[in-house]
Amino acid sequence: MKILFLNGPNINLLGSREPDKYGNKTLKDIEEFIQKEAEKNNISVTFYQSNIEGELVNKIQEAKGLYDGIVMNPAAYTHTSVAIRDALLAVEIPTVEIHLSNIHKREEFRKISLTAPACIGQITGFGENSYKLGLIAIIDYLKK
Ligand code: DQA
């Protein structure tokens with residue numbers, strides 16, 4: 001089973017970026033943790049982060065035929081990107097949307113996710129554990 005982890009804008013700044021909301025772990029820390037969890041389950045994981053919407057769209061398009069599932073934190077593009085939503089709908093790869101913070105507990109504009117309706121589900125508010133829960137959810141979905 002091959003899973004692609006996608007991260008949107010500013011997720012490369014985790015660790016120093018608003019730690020009260022996003023925690024102290026860096027993206028590298030989270031990726032290492034997920035890598036170990038994946039190995040325990042005999043799953044192959046690949047990580048990609050971009051601050052550029054079109055690069056994320058390209059990566060989703062290229063994922064067709066290469067990956068069985070996607071776990072994605074679209075970050076700010078969650079609330080704005082019709083392009084990412086359309087790319088997910090086009091490739092039809094099962095995708096779990098994840099967020100570190102609980103987007104429903106924050107500003108009004110964050111409560112709307114344009115991308116979640118193109119996903120099998122959303123995990124939001126569990127900090128770095130949202131990544132682990134996303135991995136568990138996609139593995140479970142793909143095994144059925
Ligand atoms: C986020 C929530 C988004 O609203 C925000 O723009 C982010 C991070 C999260 O993981 O909590 O960049 O996706």
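**Salt bridges.** I searched the whole structure, which is a predicted model, for salt bridges and found 9. I then looked up the one formed by Glu 128 and Lys 25, and noted that the closest N and O atoms of this pair are 3.3 Å apart. I placed Glu 128 in the loop between strand E5 (121-124) and helix H5 (129-143), and Lys 25 in the loop between helix H1 (19-22) and helix H2 (27-40), so this bridge ties together parts that are 103 residues apart in sequence.

**Ligand site.** Around the ligand I listed Arg 17, Tyr 22, Asn 73, Ala 75, Ala 76, His 79, His 99, Leu 100, Ser 101, Ile 103 and Arg 110. Sorting this shell by residue class, I recorded 5 nonpolar, 4 polar and 2 charged residues.

I checked the oxygen atoms of the ligand against the protein, and found one that is 2.9 Å from an N or O atom in the side chain of Arg 17. For Arg 110, I noted that an N or O atom of the side chain is 2.8 Å from a ligand oxygen.

**Cover.** Which share of the ligand's accessible area does the protein cover? I computed that, of the 320 Å² that the ligand has on its own, the protein covers 99%.

Methods. Residues are numbered from 1 along each chain as its sequence is written. This is a predicted model: local features need pLDDT of at least 70, side-chain atom pairs count only at pLDDT 80 or more; totals for chains, interfaces and linings use all residues. Side-chain values use heavy atoms; hydrogens and water are left out. A residue is near a molecule or strand if one of its heavy atoms lies within 4 Å of it. A polar contact is a pair of N or O atoms within 3.5 Å; within protein, one must be able to donate a hydrogen and the other to accept it, and residues adjacent in sequence count only if both atoms are side-chain atoms. Accessible areas come from the Shrake-Rupley method with a 1.4 Å probe; for residues, only the protein chains shown count as cover. Ala, Val, Leu, Ile, Met, Phe, Trp, Tyr, Cys and Pro count as nonpolar, Asp, Glu, Lys and Arg as charged, and the others, Gly among them, as polar. A salt bridge is a side-chain nitrogen of Lys or Arg within 4 Å of a carboxyl oxygen of Asp or Glu. Helices (H or I, at least four residues) and strands (E, at least two) are DSSP runs, numbered from the N terminus.
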